[in-house]
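Thanks for coming. I will take the ligand site, then the sheet, then the aromatic pairs.

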Amino acid sequence: MPVVIAVPREQNPGEQRVATVPEVVQKLTKSGYEVRIEHDAGTGAFYPDDLYIAAGAKIASGPADLLDGARIVLRVQPPTVADIDQLAEGTIVIGFMNATSNLETVARMRDRKVTAFALELVPRITRAQSMDALSSQATAGGYMAAILGAGNCPKFLPMLTTAAGTIRPATVLILGAGVAGLMAIATAKRLGALVEAYDVRRAAGEQVRSLGAKFLELEINAEGQGGYARELTPEEKVKEQQMVSAAVARADIVITTAAIPGRKAPVLITRETVAMMRPGAVIIDMAAESGGNCELTQAGKAIQAHGVLIIGPQNLPARVPFHSSQMYAKNLQSFLALLFDKEGAIINEFTDEILTASLLVHAGEVRHKPTRDLMNGGEL
Ligand code: NAD
């Protein structure tokens, strides 16, 4: 009997992505696995059922049909309690689990003795790069944030020299130059904008500059003993805040990406700073779902304040579902390879460091310590 890998249709409102794509299905079926796709699972990402069938998958009409005998379930969003109740003991579920904010579902997976791997817990080591779904989806999100900013900006982004006069390029500021921020920088540069960026990590400066953008830095020497950066003094921190506020005030588009995993996002743009901005300026707050980098952001809404449009998008990767699903599916394909032995059977011991780190629930136990501590009444 081949191992059955099941892919449900995502149920969250606005979720257009799917956990696998026909190209990956073809590889899995060639390796001898049975891949079952719930009817219409890929439609939102523009992968119709017939492409999956051509790749060797079977289409299931509904959840019962899909899960019957399935050993592995691939998902994008965390399962709900109702989803978990349909899983047989020992089923392996892989996807984003957002464990610390989904304690009820984690408890249900524990009680139902389901095995869950959380992709957001995959360690960011070189060997795991091909499985880094946080990065692939942040890439899609950063791209989309820049496009959303450009689409809502009343100005052209590039410099134009035309018979009707010369147009100055727009200024785009990116706060937080991690994976999403770097992609937003690259996209805004390609659109011809003047791009500035800031990150608390000085090391990000080199990456920012390599993309042709300006990295904002304080004109102070923050080098401490042994060449390591020292912590800024309170006065220097005020100067840093002033530098960021001045950059926000001169920007036409501000894209904020500063997030702290599992915690509320830091406020980088206060309401006073918004009042200093140009009319027509746009803020795309990628941290909207974790509280927002702008004090005025409302998650899932676009609001106007002082003539500034503040957009708090939710699930930006779902707005480029074709490619974000393709990248996610490849991440899962790499992750799956860790779970099988040479004969193609599912391994019994999850000793690989990538598996150990991402194993959230197994055999009736919550294996991820921070989540377990939180469930026992502790704090993050
Ligand atoms: P993230 O989404 O957690 O945060 C986004 C960025 O916001 C980060 O660069 C962070 O430094 C910045 N930030 C946080 N607070 C800030 C503040 N107050 N002001 C300004 N900026 C602030 O980060 P991420 O995109 O997931 O990446 C985090 C790090 O991991 C980066 O160094 C990245 O290069 C690294 N990374 C490594 C690998 C790997 O080695 N395989 C893969 C992906 C990312």
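**The ligand and its surroundings**

The ligand has 18 residues around it, and the closest are Arg124, Ser135, Val179, Asp199 and Arg201. A residue is near a molecule or strand here if one of its heavy atoms lies within 4 Å of it.

Before going on, a note on what you see. This is a predicted model, in which local features need pLDDT of at least 70 and side-chain atom pairs count only at pLDDT 80 or more, while totals for chains, interfaces and linings use all residues. Residues are numbered from 1 along each chain as its sequence is written, and side-chain values use heavy atoms, with hydrogens and water left out.

Back to the ligand. At valine 179, a polar backbone atom is 2.7 Å from an oxygen atom of the ligand. For glycine 178, a backbone N or O atom lies 3.2 Å from a ligand oxygen. Alanine 259 also has a polar backbone atom 3.2 Å from an oxygen atom of the ligand.

**The sheet**

Next, the strands. Helices (H or I, at least four residues) and strands (E, at least two) are DSSP runs, numbered from the N terminus. Two strands pair if DSSP finds at least two bridges between them.

In what order do the eight strands of the open sheet come? The order is β3-β2-β1-β4-β5-β6-β16-β17, with mixed pairing. At the edges stand β3 (58-60) and β17, each with a single partner strand, so one side of each has no neighbour in the sheet.

Strand β1 (residues 4-7) runs parallel to β2, and four bridges join them.

Towards β17 we find antiparallel pairs. β6 (residues 115-118) and β16 (residues 359-362) are antiparallel and joined by two bridges; alanine 116 has valine 361 of β16 as its bridge partner. Two bridges also link β16, again in the antiparallel sense, to β17 (residues 365-366), where valine 366 stands opposite valine 361. The hairpin of β16 and β17 has two residues between the strands, and alanine 363 takes a positive phi near 50° in it.

**Aromatic pairs**

Last, the rings. Rings of Phe, Tyr and Trp (its six-membered ring) pair if their centres lie within 6.5 Å; planes under 30 degrees apart count as stacked, over 60 as edge-to-face and the rest as tilted. By this rule there are six aromatic pairs.

Why does the pair of tyrosine 33 and phenylalanine 340 count as stacked? Their ring centres are 4.3 Å apart and their planes are at 25°, so the pair is stacked. Tyrosine 33 lies in the loop between α1 (22-30) and β2 (34-38), and phenylalanine 340 in the loop between α11 (321-337) and α12 (353-358), so this pair ties together parts that are 307 residues apart in sequence. Tyrosine 33 has 12% relative accessibility and counts as buried (under 20% relative accessible area, with exposed over 50% and partly exposed in between; 1.4 Å probe, protein chains only).

Phenylalanine 117 and phenylalanine 350 form an edge-to-face pair, 5.2 Å centre to centre with 80° between the planes. Phenylalanine 117 belongs to β6 and phenylalanine 350 to the loop between α11 and α12, so the pair ties together parts 233 residues apart in sequence. Phenylalanine 117 is buried, at 0% relative accessible area. Together, Phe117, Phe335 and Phe350 form one aromatic cluster.

Terms used: A polar contact is a pair of N or O atoms within 3.5 Å; within protein, one must be able to donate a hydrogen and the other to accept it, and residues adjacent in sequence count only if both atoms are side-chain atoms.
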